[in-house]
Amino acid sequence: MMVVLFVMGVLASAVVLMLPGDADALRREAERFAARVTAARDEAITGGAPVAVVVSEAGYYFEKRERGAWAPAEGRGLSLASWSAGTVVAVAVPGGQTGGRARVVFDPVGLASSELRLRIARGDAAQAVTLARDGTVRTDAGG
């Protein structure tokens, strides 16, 4: 009976260790956001029209400049996205201030209108996502 309990304990421990934790889920979410922002930059370049990303504590979405007006961007991974439940996002805007919302526009050359830094956290894990003026997006652990 003791051997059976020991084996069950070892198997249960292995299962718990294999479950994705906050850090893994958070890393995937940060990488997903970075990939979608990169896709928006690429869309601005290939489409020859500005594309904007609007980020808030609730989620993010993309807009395209069409016929002199901003319209929601659809398709190609540019639709509205909410942060996963339990994710806390701090949006740092230029000048070092932290606000609830930021908007960055990519021009047809792929340059960003301003820098953007997000701190995405869940539980004890945190990730930083940085969007530079040259349009590059970088994710770093520990934000």
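Two strands count as paired if DSSP finds at least two bridges between them, and strands (E, at least two residues), like helices (H or I, at least four residues), are DSSP runs numbered from the N terminus. The structure described here is a predicted model, in which local features need pLDDT of at least 70, side-chain atom pairs count only at pLDDT 80 or more, and totals for chains, interfaces and linings use all residues. Residues are numbered from 1 along each chain as its sequence is written, and side-chain values use heavy atoms, with hydrogens and water left out.

The protein contains 2 helices and 10 strands, and along the sequence these follow the order α-α-β-β-β-β-β-β-β-β-β-β. Of its 143 residues, 34% are buried, where buried means under 20% relative accessible area with a 1.4 Å probe, counting protein chains only. When contacts (heavy atoms within 4.5 Å) between residues at least 6 apart in sequence are considered, 53% join residues at least 24 apart.

Strands E8 and E9 form a hairpin with 2 residues between them, and glycine 123 in the turn has a positive phi of about 65 degrees. The two strands pair in the antiparallel sense over 7 bridges, and arginine 122 has alanine 125 of E9 as its bridge partner.

Strand E9 is largely enclosed by the rest of the structure, because 7 of its 7 residues (residues 125–131) are buried. The table sorts these buried residues by the way they point from the strand.

| Direction from E9 | Residues |
|---|---|
| One way | Ala125, Gln127, Val129 and Leu131 |
| The other way | Ala126, Ala128 and Thr130 |

Notes. Buried means under 20% relative accessible area, exposed over 50%, partly exposed in between (1.4 Å probe, protein chains only).
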